[in-house]
Amino acid sequence: MAIVRTRALTKVFRQGQAGAVVDVDLESREGEFLVLLGPSGSGKTTLLRMIAGLEEPTSGEIWIGGVLVNDMTPRERRIAMVFQSYALYPHLTVLGNIVFPLKAQKVPRAQREEKAQWAADLLGIGHLLRRRPRELSGGERQRVALARAIVREPTVFLLDEPLSNLDAKLRASARAELELFQRRVGTTMIYVTHDQVEAMAMGDRVVVMNSGRVRQVGTPAEVYDEPADTFVATFLGSPPMNLVANGRATVGFRPEHLLPAGFAAEAGPRLPLSFRLDHEEYLGSERILYGRLEDGRFDGKVVSRVPASYRDSLPAGSTHPFEVVERNLKFFDGETGVRRDPVALV
Amino acid sequence: MTDTRRGQAWLGPVMLLPAIVYVLALVGAPFLLAFFYAVGDVKVGSTGYHFVGLKNFASVLENPAFRRALLNSVLFTVGSQILVLIFGNILALVLKDAFRGRRLIRFLVILPWVAPVSIGSIGWKWILDSLYSVINWVLIRLRLVPALSPPMWLGEPTLAMVSVILVHTWHVLPFSTVILLAGWTAIPRDIPEACAVDGAGYFRTLFQVTLPMLLPIINVALLFGIVFTFTDMTVIYILTRGGPYDTTQVVPSLAFFTGILGSDLAEGAAISIFLLPVLVLVAWRMLRTAHRAESG
């Protein structure tokens, strides 16, 4: 187990172009499940590949377990990585794949078999050892990739979107399995994803990235409830946070906080708003209302997420009194989009 | 709908016809003719035909020149194919990655294949000439060989065989390189990266992962290479004419010298038919490989 630390880590692929990763300072905690979350092109995979040693940083430092690893090969870093494609060796059996890292480490044969058996049992693929990768399902392949990664007991696990090749149904169960797996082995995991649901569900902490920079690091609750800027506010949450201009500030509130007047259970002062419904989506457990705020002070498209227990029918085009509990309003600088202290609404 | 279908019913065979005519006229007919000659007593200029059974085959098998040629053919093919696979893979590995001037290098690598083999071989004949050899000129200036008795590249049995193998390798290398390059490019980048993360060094990755993954492609390159080499006599014909003392004579060149230049068509045909088992074997392997590729 080890702590991964980066200092001012930067990667520029082509000189003169914007960096893929810019000035990233990051520190994982012992045995933590750290998720790198961001849209495609945000630099999260490049960051992971630099930690793995597959990509050379343009500048900055990478420390693993207190050792500067910049000049070390992937092999010397003692990390394990699960690739998006799983990168199983197609000509080898499952067993051949799992023992490959041990062979490379010159572990004696008897010990190899024992370790492979242990890893296979841990992931429940003991019965597949004689098969070849192309005879396996997506979920089984993923488990083989994990077994191959765990077998030599790495100090750090790096995972690059390992669930993105699975279908939606399998993904949910694979997610739960992966969490369980991490808890059992207790190794630090750095996990790259563009899927905010995965990030929120699995991460001890989430690192939100955009255009090569870290925008916020925090627990899932922190990044969701207290976004550091408008990017984080809109990237997390579906539908995203409503943002409306107010004077020199931008005011944000989550769709689930914009509710019909009197419906919110929360106590505290409220901000009354006038909501004009455009159209509605009924999702069974909840209703998503799309519309506009029609108010002198606030103007703009917003979304409201109301529990299905709210049964009043709202005809399209009608205007209704809605409200937001004031505690749930987030304030951002109107120009930079960075979070700021609450200001008086104008 | 029916019209279109009826149209397709005759259109397909018609489109195939030129290819079928071509194969029957230029491959099938000569092939049957060779069988016909091989069991007869045909000589260039003879007017009659007498069936003689397997007499020609028996006489070919008793002929030491033929046995020598068969051995040379195997040596020539195996030797050049080993070199082609080694250098083809090295070239493919070099050309796979982007670098400045890659297009130019790729063009130069292809050149020996697209240039007429006769012209290339004549160039090599001068390069390896006993008096005007540039190789010897360089070696003498570097004082690596005695000035008065430099190596006779095409005049000494072993050197002559080595020379024809090297020149033939030079000629067929581009073709295999292109096939192997396609194979190397098809290996996803993730695979060598996974090897690196798993702690495998360059040679372990090469010999235990990437080369085994490439095996089907290597197979294809090898099968084509064997066909091109085992049936070819251009390089040998131009460089050594089978000499010195038949030491570089291969089966196709022996068949040519016996049947055409020696005007014994029957025996020449019998010799060339001995190529058949090898080619049938190779063709069968090729079809099997293709079938496997199709069925995934």
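Two strands count as paired here if DSSP finds at least two bridges between them. With that in hand, enjoy these close-ups of a predicted model.

View 1. A handy landmark is A:P260, which stands opposite A:F322 in β17(A).

**View 2. The four-stranded open sheet of chain A.** Here the order is β2-β1-β4-β5, again with antiparallel pairing. Because β2 (21-27) and β5 (67-68) of chain A each have a single partner strand, one side of each is left without a neighbour in the sheet. Further in, β1 (residues 4-11) and β4 (residues 59-64) of chain A are linked by five bridges in the antiparallel sense.

**View 3. Strand β6 of chain A and its parallel partner.** Which way do the residues of β6 (residues 79-82) point? A:I79 and A:M81 point one way, while A:A80 and A:V82 point the other, and all are buried. Strand β7 (residues 156-160) of chain A runs parallel to β6(A), and four bridges join the two. Within this pair, A:I79 stands opposite A:V156.

**View 4. The largest nonpolar core, and another one apart from it.** In soluble globular proteins, nonpolar side chains tend to be buried together. The largest nonpolar core in this model has 92 residues, and those touching the most other members are A:V35, A:L36, A:I98, A:A147, A:L158, A:I190 and A:Y191. Zoom in on A:L36: beyond its neighbours within four places in sequence, its contacts are A:K44, A:L47, A:L48, A:I190, A:Y191, A:V192, A:V207 and A:M209. Another core, of 33 residues, lies apart from the largest one and includes B:A34, B:L70, B:V164 and B:A266.

**View 5. Where chain B touches chain A.** How many residues does each chain bring to the contact? Chain A gives 17 residues and chain B gives 14 residues. On the chain B side, α8 (190-197) and α9 (202-230) each supply at least two residues. The largest share of that side, six residues, comes from α8(B). By residue type, the side of chain B that touches chain A has nine nonpolar, four charged and one polar.

Methods: Residues are numbered from 1 along each chain as its sequence is written. Chains are lettered from A and ligands numbered from 1 in the order in which they are written. This is a predicted model: local features need pLDDT of at least 70, side-chain atom pairs count only at pLDDT 80 or more; totals for chains, interfaces and linings use all residues. A residue is buried if 20 or more other C-beta atoms lie within 10 Å of its own, exposed if 12 or fewer, and partly exposed in between; C-beta atoms are placed from the backbone. A nonpolar core is a set of buried Ala, Val, Leu, Ile, Met, Phe, Trp, Tyr and Cys residues joined through C-beta atoms within 7 Å. Two residues are in contact if their C-beta atoms, placed from the backbone, lie within 7 Å. Ala, Val, Leu, Ile, Met, Phe, Trp, Tyr, Cys and Pro count as nonpolar, Asp, Glu, Lys and Arg as charged, and the others, Gly among them, as polar.
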